[in-house]
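Thanks for asking me to look this one over.

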Amino acid sequence: MKWKPLRIMILFICLSLSLDSETNIFNVKKDLFSFSDYLELVNNVKQSYLYRNQFNESNGYVYSAFFACQFLNNKLFLMPETYFESHQKEFLKIKKVYKLLPNDPFVIVLFDKNLQNTTDRNQYLEIKNWYSKKRREVMDALWNGKFNLEDYKRVLSFIEENLDWYILQQSKEITMSDLHFTAAMGFMYSLDGNSKVYKKRKFEVQIEVNEHQIAGVGMILRLGPNQEVIVENPLEGSPAMKAGLLSGDIIVKINDIDVRNMEFEEVIRHQKGKPGSTVHFEIKRGRNRKSIPILVKREILSFDTVKGEFIRFDPDLALIRVFRWDDQNISVAKEMNSEYKRLSKLAKEQNKKLKGILLDFRYLRGGTMDSIAETINLFMKKGLLFSIQNGKGEVTERYAKANEPIELPVAILVDRYTSSGGELIAGSLQFHKRAIVIGERTSGNAALASTFHFSNNENYGMEILDSLYFLPSKKSFHEKGIIPDIQFTSEFDGGNLFFKKENYDLNHSPFVEVAENKNSQFPIEEIQSWVKENGKANVEIERRKNDPIRPDVFLFHAVDAFNGYLQTHTSGKSNGEIK
């Protein structure tokens, strides 16, 4: 199996949350997870996993052991003995080496460098990067090695025997339940990135999010090249925007606590609090990086599922953004249709005629089978929408219902984070020549996971990949993604907007063959030529360069590209069909 950086990143987030902070997020006292639960999970994977005939069970056990060691202490590495012998010169100071049995092909190594005791920032980053690099290397070295259930049980016994010593050394509470659960996470992680084990209180958090209200300051943060915390954008109308925070501001302190060596998730937590309470930010802005204090009052933040509006610099185009699928009380398709009707009515009242719709699916993940079918059905009168195939080869097909679909030309905006439902809608409408797709090749997640319950533990659940979505072409986009008709990057820097497909370097599985979409054969040169003569994006970007909210460069250029397409490829088409 080919490792994807996204999966590696998710691992490090999980480990950093649990290992590099004083707070143990996996600490469980009342809802215990046992070794029997672990074995039940393994058995369910063997019976139901989509690729159960191909997956290597030993990878699950060795990753279980690796996760458990890392959870016990982030300096504790399970590794092949051959790797240990060949890489000793590269290691930081070693405190102990354990070999459980003379014939074991693996060792357990405890390193001596501690991040918490490092005050120098450069040294801190150097050590942190070293540990991150070693985790990647060791996990690669462990992959497809010889490791069975008995080996895992032996590592588990070692951990249990030394548990009290490690707890004493780190001054944090760890239970065997924590370790069994973390090991189960490791087993699921070895599969595909879609299968998972979770505590039921995950859904309590989801319910909180689904009520559309979060107490905070309302801004999007990102990490810079030197791990500095940067304001990507304050949300429009948010407390952060009202207080004067701007895109590009560097956050130095929150409530007098230096965040420069802080884990990113902890930075996020420091922004949250009771509604009406205040947050003190110290930020650096501009070239001189002068420190500026900013006081922000927390408010209850509301988030839409779907939002429609006219493009400000091209009001004959409607933009409908879909932010998430995860609210079971809201039909995304109904919300989209409602926003379309509202904008159509408003355009008519203003004596305007809409010429097209942009559907914004950037950063959109998830989606149920029904919600996806309903959304595609808004734009299709007949035909196969998509199909689902399980590991037994059984196929379920979804067809368009007889209705009165929206007939305006459609462009769908996607990026590398568009996943699952957004990909399927884009790919289906693209295949039927009902929409063009603009942006970046999508993430390539066509996986469907079914929920399983533990027979003797109601506090935990698991999701196991057991089916895949297929496009109307009968091809899956899993690990391939959807290739846009007009490709450009979300990190546009003012250079050439358009990409040639053969030059588009992407982060997908090299083991799958990617066929060109039949819908991608219209000449980009005509659209590019039109954009060069008539495009408005660069003018709009220049006009808004000093706005507190960073201009949506991706959207502006997508509008130009869509207009170029409309001008060169829709003559004589009354139903939005692509030539």
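1. In this predicted model, the largest nonpolar core is made up of 112 residues. Leu 41, Leu 78, Met 79 and Ile 412 have the most contacts inside this core. Helix 3, spanning residues 57–72, gives the most to the core, with ten residues.

2. Leaving aside residues up to four places away in sequence, Ile 412 touches Leu 359, Phe 361, Ile 425, Ala 426, Leu 429, Ala 435, Ile 436, Val 437 and Ile 438.

3. On to the rings: the structure holds 31 aromatic pairs. Take Phe 313 and Phe 556, whose ring centres are 5.2 Å apart with the planes at 85°, so this pair is edge-to-face. Phe 313 sits in the loop between strand 13 (306–311) and strand 14 (314–322), while Phe 556 belongs to helix 16 (residues 553–569), so the pair ties together parts 243 residues apart in sequence. Both Phe 313 and Phe 556 are buried.

4. Please also look at the aromatic cluster formed by Phe 35, Tyr 38, Tyr 49, Tyr 51, Phe 55, Tyr 61, Tyr 152 and Phe 187.

5. Which rings have a lysine over them? Trp 165 has Lys 96 over its face, at 4.6 Å from the ring centre. Phe 310 has the charged end of Lys 352 over its ring, 3.8 Å from the centre.

Conventions
Residues numbered from 1 in each chain as written. Predicted model: local features only at pLDDT ≥ 70, side-chain atom pairs only at ≥ 80, totals over all residues. Heavy atoms only, no water. Core = buried A, V, L, I, M, F, W, Y, C linked by side-chain atoms within 4.5 Å. Buried < 20%, exposed > 50% of the residue type's maximum accessible area, 1.4 Å probe, protein only. Helix = DSSP H or I, 4+ residues; strand = E, 2+ residues; numbered from the N terminus. Contact = heavy atoms within 4.5 Å. Phe/Tyr/Trp six-rings, centres within 6.5 Å; stacked < 30°, edge-to-face > 60°. Lys NZ or Arg CZ within 6 Å of the ring centre and 35° of its normal.
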